[in-house]
Amino acid sequence: MRKTRFALALALAIIAAAAVAGQKAARPAAETPLPVRYEELTAPDFVRAVARSGQTCVVPLGILEKHGAHLPLGTDLIDCREVSLRAAAEEYTIVFPAYFVGQIFEAKHQAGTIAYGSRMILDFLQQTCDELARNGVRKIILVNGHGGNTSFLQYFCQAQLESRRDYAVYLFDPAYDEATEARLNKLRKTTLDGHAGEEETSVMLAHRPDLVHLDRAAAESGEDQKRQAGLKHAYTGIWWYAGQPNHYRGDGGAGNAAFGQALLEADTACLVEMIRAVKADKVTLELQNTFYEDAAKPLETRPFIKRK
């Protein structure tokens, strides 16, 4: 009798376990977690990701260039993708693979720099955005981690008005509140910074300390050499090389993980806020469409009158 009961209990346990396993195997796709990394999504999951993200995608833009003697060539793209992934973990969006096609002519004299042509970097980014839009993304957020890209990306955003688009491009432009600025200033040790200095070294120490060679931070000078000091009221393309021939500005030796973590948290908070605002934004695409229509018939454009 005992053997019969034991056999019956064992059979029921096996059936129950099989049922649970079957339920897990048959779990609807809508219940499975969605990766935020573009490259980790399957094609069916990509469709779900576009819907869940509110048709948004973040494109982290870095570069391959020298960062002093102590930081990796990919510092900018490693850091900005880290911020993008942290933000996406709080507010779901699709995060594009690390993007390293950008403006970096000023570092062509340094080993490891990959500097694509000016026409190519514009076309490559435009076609990337066009392809994202073809796949259902209507709001593209550019997160720039490279200072040399700033003017290029602002021009790129302006160039979206050249011809009609069915999507909008937003450039991440973080602004810290007073409390955050005060907290960061309290942690900051140096006054000269700008490239591979205290800030970038600190951020890398906070999330990828294995890539930092702090003992090499003083191997080269990060001081401003001011070789164009006599030139007044003028801008030239050689300005960065004139001041920072070592492609290093600041003192990376002052970097520390606590400061880096504070910087990561500050940027992530700003990006989360931006992603939410972009998702809710219904004005930009509407204004673009109105602009395109007016631009096609400028002689019919009427004066703007603000609605009461």
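K66 touches L73, Q110, T113, H195, E220, N246 and H247 in this predicted model, with residues up to four places away in sequence left out. Contact here means heavy atoms within 4.5 Å. K66 lies in the loop between β1 and α3. Helices (H or I, at least four residues) and strands (E, at least two) are DSSP runs, numbered from the N terminus. K66 is buried, at a relative accessible area of 10%. Buried means under 20% relative accessible area, exposed over 50%, and partly exposed in between (1.4 Å probe, protein chains only). The side chains of K66 and Q110 make a polar contact at 3.4 Å. A polar contact is a pair of N or O atoms within 3.5 Å; within protein, one must be able to donate a hydrogen and the other to accept it, and residues adjacent in sequence count only if both atoms are side-chain atoms.

Residues are numbered from 1 along each chain as its sequence is written, and side-chain values use heavy atoms, with hydrogens and water left out. Because the model is predicted, local features need pLDDT of at least 70 and side-chain atom pairs count only at pLDDT 80 or more, while totals for chains, interfaces and linings use all residues.

The sheet is open and has 4 strands, in the order β2-β1-β3-β4. The pairing is parallel. Two strands pair if DSSP finds at least two bridges between them. Strand β1 (residues 56–61) is joined to β2 by 2 bridges. C57 stands opposite I94, and V58 has V95 as its bridge partner. Towards strand β3 (residues 139–144), β1 pairs over 6 bridges, again in the parallel sense. There P60 has V143 as its bridge partner.

β1 is largely enclosed by the rest of the structure, because 6 of its 6 residues are buried. T56, V58 and P60 point one way from the strand. C57, V59 and L61 point the other way. β1, α3 and β2 make a right-handed β-α-β unit. A crossover is right-handed if, with the strands pointing away from the viewer, the path from the first strand over the helix to the second runs clockwise.

T75 belongs to the helix of this unit, α3 (residues 75–90). T75 counts as buried, with a relative accessibility of 0%. Its side chain reaches the backbone oxygen of P72 at 2.7 Å. Beyond its neighbours within four places in sequence, T75 is in contact with H67, E200 and M204. T75 and G145 are 70 residues apart in sequence, yet 8.5 Å apart in space, C-alpha to C-alpha.

The largest nonpolar core has 31 residues. A nonpolar core is a set of buried Ala, Val, Leu, Ile, Met, Phe, Trp, Tyr and Cys residues joined through side-chain atoms within 4.5 Å. V59, L125, I140 and L142 touch the most other members. Two or more residues come from each of α2 (43–52), β1, α3, β2, α4 (118–134), β3 and α5 (150–159). α4 gives the most, with 6 residues. L142 is in contact with V59, L61, L125, L153, F156, V169, Y170, L171 and F172, leaving aside neighbours within four places in sequence. Another core, of 22 residues, lies apart from the largest one. F172, V203, M274 and I275 are among its members.

The whole structure contains 14 salt bridges. A salt bridge is a side-chain nitrogen of Lys or Arg within 4 Å of a carboxyl oxygen of Asp or Glu. R81 and E39 meet in one of them, at 3.0 Å from N to O. This pair links distant parts of the chain, 42 residues apart: R81 in helix α3 and E39 in the loop between α1 (2–25) and α2. R81 counts as buried, at 11% relative accessibility, whereas E39 is partly exposed, at 43%. R183 and E265 form another salt bridge, with the closest N and O atoms 3.8 Å apart. They lie 82 residues apart, in helix α6 (residues 178–187) and helix α9 (residues 257–280) respectively. R183 is partly exposed at 37%, and E265 is partly exposed at 39%. E40 pairs with R37, the closest N and O atoms being 3.6 Å apart. E91, R276 and K279 are linked in a network of salt bridges.
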